[in-house]
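Here is a friendly tour of the pockets and the annotated site in this protein. Have a look at the model first, and then we can walk through it together.

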Amino acid sequence: MREALKLAQRGADLGEVPIGAVIVKDNHIVSQAHNWRETWRDPTAHAELVAIREASRVLGGWRLEGCQLYVTLEPCPMCAGAIMLSRLDAVYYGAADPKGGAVESKLHTFQSGLWNHDPKFHGGILADECGMILKEFFRTLRERRS
């Protein structure tokens, strides 16, 4: 999660919402990303999706079995769907997203038995640090606008 936090900061430095994602297999990082939505002008360029695409490329296939995702914010519905479709084994996230989280907050996408794949998940990892980087980013953004 510390690596994901570093990526989130890199994204913030570029004006992106500071979310970082890392995919690990056999205790080695196979891909990592931060948000690119503003830079690429792409609504699907969430950190999780960029990391999933890169992991698939690196590993040579779309099935990411044996891989775990570490992400600084609870995944949204789009990312939760991609996590299931890519067959990631587990998701570990930092801050909860009460407005749009699709793991535990708003939706329970990974509820056992709903789909053909239900990854394990655990939230709240370094939650204070993951939440603080987002709060600071949006506070600074509001100050610049006023």
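## The second largest pocket

Sorted by class, the residues lining the second largest pocket are six nonpolar, three polar and five charged; here Ala, Val, Leu, Ile, Met, Phe, Trp, Tyr, Cys and Pro count as nonpolar, Asp, Glu, Lys and Arg as charged, and the others, Gly among them, as polar. A pocket is an open set of points on a 1 Å grid over the protein atoms alone, where a 1.4 Å probe fits, with protein on both sides within 12 Å along at least five of seven lines, and lining residues have an atom within 4 Å of a point. This pocket holds about 240 Å³ of space, a volume being the space filled by probe spheres set on the points, which are joined across faces, edges and corners.

Its lining has 14 residues, with Ala12, Gly15, Phe137, Leu141 and Arg144 nearest the centre. Two or more lining residues come from each of α1 (2-13), α2 and α5, and α5 gives the largest share, eight residues. Helices are DSSP runs of H or I with at least four residues, strands are E runs of at least two, and both are numbered from the N terminus.

## About the model

The model is predicted: local features need pLDDT of at least 70 and side-chain atom pairs pLDDT 80 or more, while totals for chains, interfaces and linings use all residues. Residues are numbered from 1 along each chain as its sequence is written, and side-chain values use heavy atoms, leaving out hydrogens and water.

## The largest pocket

The largest pocket has a volume of about 580 Å³. Among its 23 lining residues, Leu73, Ala96, Asp97, Leu134 and Phe138 are closest to the centre. Helix α5 (residues 127-145) supplies the largest share of this lining, seven residues.

## The annotated site

An unreviewed UniProt entry places a "binding site" at His46, Cys76 and Cys79; such annotations may be inferred rather than shown by experiment, and feature names are shortened, with positions in the numbering used here. These residues span 34 residues of sequence, yet they cluster in space, with a largest C-alpha distance of 9.3 Å. His46 and Cys76 also belong to the lining of the largest pocket.

His46 sits in the loop between α2 (37-40) and α3 (47-59). Its side chain makes a polar contact of 3.4 Å with that of Arg37 (N or O atoms within 3.5 Å; within protein, one must be able to donate a hydrogen and the other to accept it, and residues adjacent in sequence count only if both atoms are side-chain atoms). Cys76 lies in the loop between β3 (67-73) and α4 (77-85).
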